[in-house]
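Welcome, and please have a look at the sequence and fold shown here. The notes that come after are meant to be read with the viewer open.

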Amino acid sequence: MSEPRFYRIPEAASGGGFSFSEEECRQQRKYMMEFIKRIGSNLLDIKDVMRTSLPVKIFEPKSYLERLVEGFQFAPIYLSQAAQTTDPVERLKLVICFAISGLHLTCRQSKPFNPILGETYQAAFDDGTQVFCEQVSHHPPVTAWEFIGPNASYHFHGRGSWVASFRGNSVKGQQQGLSTIEFADGTHIVFGPLPEVSLRGILFSDRVMEYRGKMAFNYPEHN
């Protein structure tokens with residue numbers, strides 16, 4: 001009997017992670033080389049990418065608030081199911097699925113724009129889930145969010161700040177902060193922070209993005 005095989009998307013790197021084609025990287029590398037030539041010897045002093053002005057041509061036309069929601073867009077699927085079940089183990093499993101299900105959607109090399117202080121973003125999913133986000137601090141950049149499920153079946157909320165560092169041919173970053181999901185029966189699950197993400201091959205070699213590390217989940221009512 002053959003071993004079970006799991007589907008791998010075409011962009012999956014052979015050693016793990018999300019790979020980008022050379023065509024995708026060519027133009028961005030040109031802009032990054034111009035950036036490095038401009039800052040010269042100051043490159044070694046860059047420890048916090050979030051405080052560094054990067055070439056506008058490497059950005060995508062959207063704010064980080066919108067990118068954040070994209071990573072949590074499976075809430076109507078997993079959190080709605082989690083709200084309906086009374087089995088604490090099944091609920092925890094569904095929350096874990098939710099937390100990791102959207103990570104692959106953030107594997108893009110273009111950077112979103114940092115939101116301005118007080119910037120807000122509101123959205124709604126087809127099932128009626130309401131989304132509210134706000135940039136509550138500029139330095140350090142802190143984003144607050146809440147998702148309210150249909151009929152208030154769940155309330156997902158949290159605050160997160162991004163830290164990132166440039167290391168020559170790679171960038172590492174992490175969204176720090178905890179997220180809480182409150183359910184109508186009075187129980188809640190806390191998880192976070194999200195795992196660290198690394199993007200290597202900024203200037204040369206294969207460009208691969210991958211998430212590393214651990215995520216902690218706490219279900220206080222059922223420890």
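## Aromatic pairs

Please keep in mind that this is a predicted model. The count of aromatic pairs comes to 13. F59 is buried because its relative accessibility is 17%, under the 20% limit. F113, at 34% relative accessible area, is partly exposed.

Now turn to W145 and F156: their ring centres are 6.3 Å apart and their planes stand at 55°, so this pair is tilted. It links distant parts of the chain, with W145 in strand β6 (residues 142–148) and F156 in strand β7 (residues 154–166), eleven residues apart. W145 is buried with a relative accessible area of 4%, and F156 is buried too, at 0% relative accessibility. Both rings also belong to a cluster linked by ring pairs, whose members are F72, F98, F125, W145, F147, F156, F191 and F217.

How many of the five residues of strand β9 are buried? The strand, residues 179–183, is mostly covered, with four of the five buried. On F183 there is a charge to look for: R91 lies over the face of the ring, at 4.1 Å from its centre.

β9 pairs with β7 in the antiparallel sense, over five bridges. In that pairing, H155 stands opposite E182 of β9. β9 is also joined to strand β10 (residues 188–192), again antiparallel, by four bridges. There, S179 has F191 of β10 as its bridge partner; F191 is one of the rings in the aromatic cluster described above. The hairpin of β9 and β10 has four residues between the strands, and G186 takes a positive phi near 95° in this hairpin.

## The largest pocket

The largest pocket holds about 350 Å³ of space. It is lined by 14 residues, and those closest to its centre are I100, S101, L103, H104 and Y211. Which elements give two or more residues to this lining? They are α4 (88–101) and β12 (208–212).

By residue type, the lining of the pocket divides into ten nonpolar residues, three polar and one charged.

Methods:
Residues numbered from 1 in each chain as written. Predicted model: local features only at pLDDT ≥ 70, side-chain atom pairs only at ≥ 80, totals over all residues. Heavy atoms only, no water. 1 Å grid on protein atoms, 1.4 Å probe; cavity = no way out; pocket = protein on both sides within 12 Å on 5 of 7 lines; lining within 4 Å. Points joined across faces, edges and corners; volume = space filled by probe spheres on them. Nonpolar A, V, L, I, M, F, W, Y, C, P; charged D, E, K, R; others polar. Phe/Tyr/Trp six-rings, centres within 6.5 Å; stacked < 30°, edge-to-face > 60°. Buried < 20%, exposed > 50% of the residue type's maximum accessible area, 1.4 Å probe, protein only. Lys NZ or Arg CZ within 6 Å of the ring centre and 35° of its normal. Pairing = 2+ DSSP bridges.
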